[in-house]
Amino acid sequence: MSCIVRNRPGMLRYGAAHYITDQMHVPGYCEQQMANDYERSGISAEEFAQSKIILSFLDEGFGPAEIAPLTNILSQTHASRFMVLYNAHVAVDALTYHARCCTTWLINRSEYHLDQFNYNFDLQLDRKFLCLLRRPTPNRARLAGFFLDNIGLDTVRLSFGSGATGGLDQYRDVVGCDLPLLVDGMLTDRVKEFDVANPVFHSCLFNIAAETSSQSEANWRSVFLTEKTWKAIMQRQIPIWFGVPGLVEHVRSLGFDTFDDILDHHYDAIPDEAKRHQSVFDLISRLNDQYSLTDCQALRQQLQPRLETNFEQLQEYFRTNRRQVFNTILEFDSYST
C-alpha cells in the first residue's frame with residue numbers, strides 16, 4: 001500500500017502514522033523505513049531526495065519528541081524542504097522546522113457517518129455514566145476498578161478489554177472481575193469502534209473520555225484528541241476527561257463548551273498523574289451523589305441547546321478541516337527553497 005503520494009511534481013505527501021514509536025530511536029530504523037516506504041510507493045530515491053516532503057502524522061498522536069530521529073534526518077537531507085502535520089497539540093512555533101497541527105482532524109473519519117446520524121433527546125436515560133475502555137492499560141484498569149467498587153454497573157455502562165486479543169489476566173485483580181467487560185460485544189472491526197448510532201451509548205449523560213495520551217504508559221505524551229472525545233460530543237454528552245494535563249483547556253480553546261458551571265475541571269491542571277486521576281475519581285463520586293438518574297434526565301433537557309451547539313461546532317470543523325490542511329500545504333508550497 002502506498003503511503004507516499006505526489007501532491008504535484010516535486011512535492012510528496014508522506015503518511016507516516018505507521019512508524020513504530022518505540023523503534024524510531026533505534027539506529028537505522030527511520031532510514032530503512034523511509035527507503036521501504038518510497039520503494040513500495042513507486043518513488044525513486046532520487047525523486048524522494050529532490051522533492052519537498054509533507055510528513056503527515058494526522059492519524060496518530062505523535063509529538064516532536066517521538067519523531068525527533070526522523071525530523072533530524074530530514075533536517076539534514078531536506079533542510080527547509082519538509083513540513084510536519086501533527087494531530088497532537090504541539091507548540092509548532094518553537095520547532096526548528098515547518099510544522100502545523102490540526103487537533104480536530106479525527107472528526108473527519110468516514111466511519112462516523114455524521115450525515116446519517118440523528119440523535120433523540122427524548123430517549124430515556126438508564127445510566128448516569130458511560131465509560132468505554134476497549135483497549136486495556138493499567139490506568140484504565142484502575143478507572144474500571146473505581147467504577148465497580150464505588151459506582152456500580154447499575155449506574156455506569158462500562159466496558160473493559162473488548163478490543164483486546166489477549167493479555168487480560170494481568171488486569172483481573174485491579175478491575176476486580178472476570179474480563180472482558182462487554183457492552184456491545186467484542187470489537188471486531190474499525191467500523192464498530194467508531195459507531196455513534198447505537199442508542200445504547202446515548203442513554204447516559206456523562207461520558208468518561210479515557211483519551212489515548214498518557215504520562216506513564218502510552219506512546220503519546222501530548223494532548224491528542226481521538227474518537228473518545230468526538231463521540232462524546234456527537235452523542236450529546238458531557239465529557240469528563242481521563243488524560244494528560246491541559247487536555248480540557250485545549251478543548252475549550254477550540255470553542256467547545258466544557259460545562260464548567262457543572263463540572264470542576266481543576267484536575268486538568270494537576271501535573272502529577274496519580275493525583276490527577278484521583279481528582280477525576282472524586283469528581284465522578286460527587287456527580288453521582290449530586291444527581292439522581294431523574295436529575296440527569298432533567299439536566300440533559302435543560303442543556304439541550306448547549307449540547308447541540310457543541311455538535312454544531314464539531315460539524316463546522318468537519319466541514320473545514322480538509323480545507324485548512326489543503327491551505328496549509330499550499331502556503332508551505334509557496335515558500336522558496
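# A tour of the pockets and cavities

Begin with the second largest cavity, whose lining residues divide into five nonpolar, two polar and one charged. The model open in the viewer is a predicted one. To see this lining, select Leu58, Leu85, Arg100, Cys101, Cys102, Gln324, Val325 and Thr328. The space they line has a volume of about 40 Å³. Next, colour β5 (98-101) and α11 (304-334), each of which supplies at least two residues of the lining. Of the elements here, α11 gives the most, with three residues.

**Stop two: the largest cavity**

A search of the whole structure finds two cavities of 30 Å³ or more. For the largest cavity, select Asn139, Glu211, Ser213, Ser214 and Glu217, which lie nearest its centre. They belong to a lining of 17 residues, and the volume of this cavity is about 100 Å³. Now show α4 (138-150) and α9 (273-290); each supplies at least two residues of the lining. Which element gives the most to the lining of the largest cavity? It is α9, with three residues. Colouring the lining of the largest cavity by class gives eight polar, six charged and three nonpolar residues.

**Stop three: the second largest pocket**

Move to Cys3, Gly15, Ala16, Ala17 and Asp59, the residues nearest the centre of the second largest pocket. In total, 16 residues line this pocket, and about 380 Å³ of space lies in it. Select β2 (11-15) and β3 (52-57) to see two strands that each supply at least two residues of the lining. The largest share of this lining comes from β2, which contributes three residues. By class, the lining of the second largest pocket holds nine nonpolar, four polar and three charged residues.

**Stop four: the largest pocket**

How much space lies in the largest pocket? The figure is about 730 Å³. Select Arg135, Glu193, Thr212, Glu227 and Lys228, which are the closest to its centre among the 34 residues that line it. Then show β6 (127-133), α6 (190-193), β8 (204-209) and α7 (227-234), the elements that give two or more residues to this lining. Finish by colouring the lining of the largest pocket by class: 15 residues are nonpolar, 12 are charged and seven are polar.

Terms used: Residues numbered from 1 in each chain as written. Predicted model: local features only at pLDDT ≥ 70, side-chain atom pairs only at ≥ 80, totals over all residues. Heavy atoms only, no water. 1 Å grid on protein atoms, 1.4 Å probe; cavity = no way out; pocket = protein on both sides within 12 Å on 5 of 7 lines; lining within 4 Å. Points joined across faces, edges and corners; volume = space filled by probe spheres on them. Helix = DSSP H or I, 4+ residues; strand = E, 2+ residues; numbered from the N terminus. Nonpolar A, V, L, I, M, F, W, Y, C, P; charged D, E, K, R; others polar.
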